Amino acid sequence: VGNLHPLWIILGKGHRFVDLQNDVTAADIAMAADEGYRSVEHLKRYTTLGMGTDQGKLGNVNGLALLADAIGIAIPAIGTTTFRPPYTPVTVGAIAALETGEQANPKRRTAAHACHIRDGAVFIDAGQWERPGWYPGKGEDADAAVRREMAIVRASAGLVDVSTVGKIDIQGPDSGLFLERVYVNSLRNLNPGRGRYAVLLREDGMVFDDGIVMRLAEDHFVLTTSTTNAEAVFRHFEFCHQVHWPRLRVYFTSVTDHWFAAAINGPCSRDILARVCEMDIDNMVFPLMAIREGRIARIPGRIMRVSFSGELAYEVNVPADAGAALWDALLHAGTPEGLISYGVEAMSGLRIEKGHPVVGAEIDGRTTPEELGLGRLVRKSGDFIGRRSLALRPPPASARRQLIGIVGEPGGSAFPPGAHIVAADRRGAPQPSFGPVTSWTWSTTLQRYIGLALMSGGRSLIGQRMYIDSPTTGRTVSVTVSEPVFYDPEGEKLRA
């Protein structure tokens with residue numbers, strides 16, 4: 001043991017590497033000492049010794065010894081650099097710990113969650129949110145419950161919890177200008193108290209998100225986003241402000257968790273809301289796409305007249321702490337009309353009947369406003385994010401995907417999942433796809449299965465019989481291509 005001596009360097013020609021990750025050589029360390037970099041932290045920054053992912057585990061000891069030799073001091077006097085993660089890695093076990101449930105992925109619940117439990121809701125996951133999927137009656141399965149809920153909303157009225165949609169408060173003298181630079185719509189000409197459906201694009205011209213923009217005052221807007229993109233849209237706004245237009249006087253606040261929102265839909269919704277609302281909601285003074293502030297069930301809040309179902313509808317927003325009280329007050333007020341709570345599945349079915357595209361299905365990151373039937377919303381003048389990409393020469397209409405409707409046969413079976421539209425019934429044999437079926441439901445209005453699809457040249461094929469084929473299930477169903485709006489195409493009911 002007494003004859004062992006440390007070997008810090010091998011003499012000879014060529015490069016003598018000390019840190020193999022950053023290609024630091026013995027000559028680099030000698031040069032650092034000659035240049036006066038005698039502190040180990042200075043040596044690290046001068047040569048990048050120990051800056052790799054190993055944080056010095058492979059080469060630092062040799063490097064420190066060479067520096068000590070070069071400046072003539074003992075190795076312990078040199079010290080060590082600061083070791084940063086992952087010098088000591090975090091184990092998977094430490095991350096997982098003993099829990100893999102809500103501790104790993106916390107659930108978000110709305111303010112009326114206890115009311116939904118009381119009313120027997122079956123919950124589904126929507127991102128991190130736990131939302132009522134349907135409210136089964138005695139002896140009902142999921143399909144029966146959803147069909148009943150849809151029918152009651154169309155005939156009378158239904159109440160749905162929509163608190164999970166993203167909500168952003170925008171204030172400042174340049175708020176309108178900013179919104180017109182990120183949305184395709186004209187928004188600066190909105191009068192206070194009025195709103196507009198708005199479409200947001202990515203830089204490549206593809207639809208990113210959609211929602212409602214409402215103007216409360218000259219310098220104050222509130223808007224909604226999809227549940228899925230609430231955080232992404234807020235980050236997008238912050239990026240655009242800080243990077244593209246930092247001089248604009250505009251300020252954003254995410255208020256998704258600040259407000260509870262309940263949407264009351266159906267032909268009886270105005271009569272029910274009027275019983276608890278301390279403001280005039282007559283059609284003449286409170287038209288479609290308007291917003292009013294006042295007291296609802298003695299709770300200060302806001303009402304937006306917007307509709308996702310195609311029926312006369314109102315979205316009531318109150319502070320989150322009062323959400324459960326509002327929910328119960330509306331249900332109580334609607335007792336004479338048989339007002340019910342309904343869930344996400346019925347809400348989705350109603351919007352399919354109305355032909356509304358949604359993020360994740362029709363708005364899949366590969367569709368333009370024109371393909372979704374929203375081209376008329378794109379303003380002709382002024383710039384906005386995505387305009388240059390929209391101006392590029394589009395593909396021919398026969399190749400472009402277009403949003404269309406599909407209608408099943410009377411008494412036909414449910415549409416298979418993961419299906420594509422094809423020209424012939426070949427029972428799973430390979431054939432060209434015209435595009436995917438994006439959404440489908442049982443229609444209480446048409447009494448058959450209907451759906452939405454993104455179909456190549458779809459509008460030119462309206463009225464033709466096609467087939468939807470699912471290779472994974474081996475099922476093929478006959479359908480007829482139709483307009484995507486199945487219910488009240490003129491919009492008379494929601495404007496009543």
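## Close-up views of a predicted model

**View 1. Six strands close into a barrel.** The strand order around this barrel is E16-E19-E18-E17-E20-E21, with antiparallel pairing. Strands that are neighbours in this sheet are turned by 45° against each other on average, direction ignored. Strands here (E, at least two residues) and helices (H or I, at least four) are DSSP runs, numbered from the N terminus, and two strands pair if DSSP finds at least two bridges between them. Axes are lines fitted to C-alpha atoms, for helices over the stretch in contact, and angles run from 0 to 180 degrees between N-to-C directions.

Before we zoom in, a word on the source: this is a predicted model, in which local features need pLDDT of at least 70 and side-chain atom pairs count only at pLDDT 80 or more, while totals for chains, interfaces and linings use all residues. Residues are numbered from 1 along each chain as its sequence is written, and side-chain values use heavy atoms, with hydrogens and water left out.

**View 2. Strands E16 and E19 run antiparallel, with a helix lying across E19 and E18.** Seven bridges join E16 (residues 401-408) to E19 (residues 448-456). Look for Gln 402, whose bridge partner in E19 is Met 455. Helix H12 (residues 344-354) lies across both E18 and E19, and runs at about 110° to E18.

**View 3. Ser 439 sits in strand E18 (residues 435-443).** With a relative accessibility of 7%, Ser 439 counts as buried (under 20% relative accessible area; exposed is over 50%, and partly exposed lies in between, with a 1.4 Å probe and protein chains only). Its side chain and that of Glu 362 are joined by a polar contact of 2.6 Å. Such a contact is a pair of N or O atoms within 3.5 Å; within protein, one must be able to donate a hydrogen and the other to accept it, and residues adjacent in sequence count only if both atoms are side-chain atoms. Leaving aside residues up to four places away in sequence, Ser 439 touches several residues, including Arg 351, Ile 352, Ile 450 and Leu 452; contact means heavy atoms within 4.5 Å.

**View 4. Five strands form an open antiparallel sheet.** The strands follow the order E7-E8-E9-E6-E10. At the edges are E7 (195-201) and E10 (251-254), each pairing on one side only. From one strand to the next, the twist averages 25°. Helix H8 (residues 175-182) packs on the sheet, and its direction makes about 30° with that of E9 (220-225). Helix H9 (residues 230-244) lies across E6, E7, E8, E9 and E10, running at about 165° to E10. Four bridges join E6 (residues 166-171) to E10 in antiparallel fashion, and Gln 171 has Tyr 251 as its bridge partner in E10.

**View 5. Glu 278 and Arg 295 form a salt bridge.** Their closest N and O atoms are 3.9 Å apart, where a salt bridge needs a side-chain nitrogen of Lys or Arg within 4 Å of a carboxyl oxygen of Asp or Glu. The two residues are 17 apart in the chain: Glu 278 is in the loop between helix H10 (269-274) and strand E12 (291-296), and Arg 295 is in E12. Arg 295 is partly exposed, at 38%.

**View 6. Glu 293 pairs with Arg 302 in a salt bridge.** The closest N and O atoms are 3.1 Å apart. Glu 293 is exposed at 54% relative accessibility, whereas Arg 302 is buried at 11%.
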